[in-house]
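Here is a note for a colleague who is coming to this structure for the first time. Please read the points below with the model open beside them.

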Amino acid sequence: MLTLEWESEGLQTVGIVVIIFASLKLLHLLGLIDFSEDTVEDEMEMATVRHRPEALELLEAQSKFTKKELQILYRGFKNECPSGVFNEKTFKEIYSQFFPQGDSTTYAHFLFNAFDTDHNGSVSFEDFVMGLSILLRGTVQEKLNWAFNLYDINKDGYITKEEMLDIMKAIYDMMGKCTYPVLKEDAPRQHVETFFQKMDKNKDGVVTIDEFIESCQKDENIMRSMQLFENVI
């Protein structure tokens, strides 16, 4: 059983840690633990997939990963997605393997949309790398911007109570029986109210990016969580 302090004021920490933790689960599935020297093979195989990624040198310049790390990332990505892109169905199948005790479908949908930055229904290797670069190597500001984008489901620049409730329900569904004690049915809505009491500074019913970042930066738990997953590759 995984014990989470769902009733604490660190509600936002749970959501942000789950974002990064879920991404690490994906890295684990892709086999990105051991380093290999098959760089020539990687370069040759890049030309055989239907979606050819940008040159590693360009991705190295745009991301916070080294060329070696990008080669490792690409090997795992290619093994799981020979076509060179993830679709949402594949994304959901991957997360269902790591959260069998719950239903990760909805959360995987939200996370997929956050990685799918051009909203074309697929996640390319470039999309994948740039998202991970922020989550694992980005500044606190960059990570919080990424998290805000996840919560802002309709991408209008605000987080509403309905959007936050959808995210919280998705997290609860995904964790399933891993939560202890068993959660009350109205727990997600209670946590949303706590979230807004803390973050909605002007009490207008929505949370802006500035309110979100300011509140998170004042939360020691969130600041610690931002550093937990650095340099995992």
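The numbered points that follow concern a predicted model, and they go from annotation to helix, core and contacts.

1. The UniProt record, in an unreviewed entry, places the feature "domain: EF-hand" at residues 103-138, 139-174 and 187-222. In the model, residues 103-138 are 67% helix and 8% strand, with end C-alpha atoms 29 Å apart, while residues 187-222 are 69% helix and 8% strand, with end C-alpha atoms 21 Å apart.

2. Helix 10 covers residues 187-199, and its 13 residues, taken at 1.5 Å a residue, should span 18 Å, which agrees with the 18 Å between its end C-alpha atoms. The buried residues of helix 10 are A187, P188, H191, V192, F195, F196 and M199.

3. The largest nonpolar core holds 55 residues, of which F115 and F212 touch the most other members. Helix 9 (residues 161-175) gives the most to this core, contributing nine residues. Because domain 1 (14-30 + 57-138) and domain 2 (140-232) both give residues to this core, it lies between them.

Terms used
Residues are numbered from 1 along each chain as its sequence is written. This is a predicted model: local features need pLDDT of at least 70, side-chain atom pairs count only at pLDDT 80 or more; totals for chains, interfaces and linings use all residues. Side-chain values use heavy atoms; hydrogens and water are left out. UniProt positions are given in the numbering used here, feature names are shortened, and annotations may be inferred rather than shown by experiment. Helices (H or I, at least four residues) and strands (E, at least two) are DSSP runs, numbered from the N terminus. The expected span of a helix is 1.5 Å times one less than its number of residues. Buried means under 20% relative accessible area, exposed over 50%, partly exposed in between (1.4 Å probe, protein chains only). A nonpolar core is a set of buried Ala, Val, Leu, Ile, Met, Phe, Trp, Tyr and Cys residues joined through side-chain atoms within 4.5 Å. Domain bounds come from an automatic or database domain assignment.
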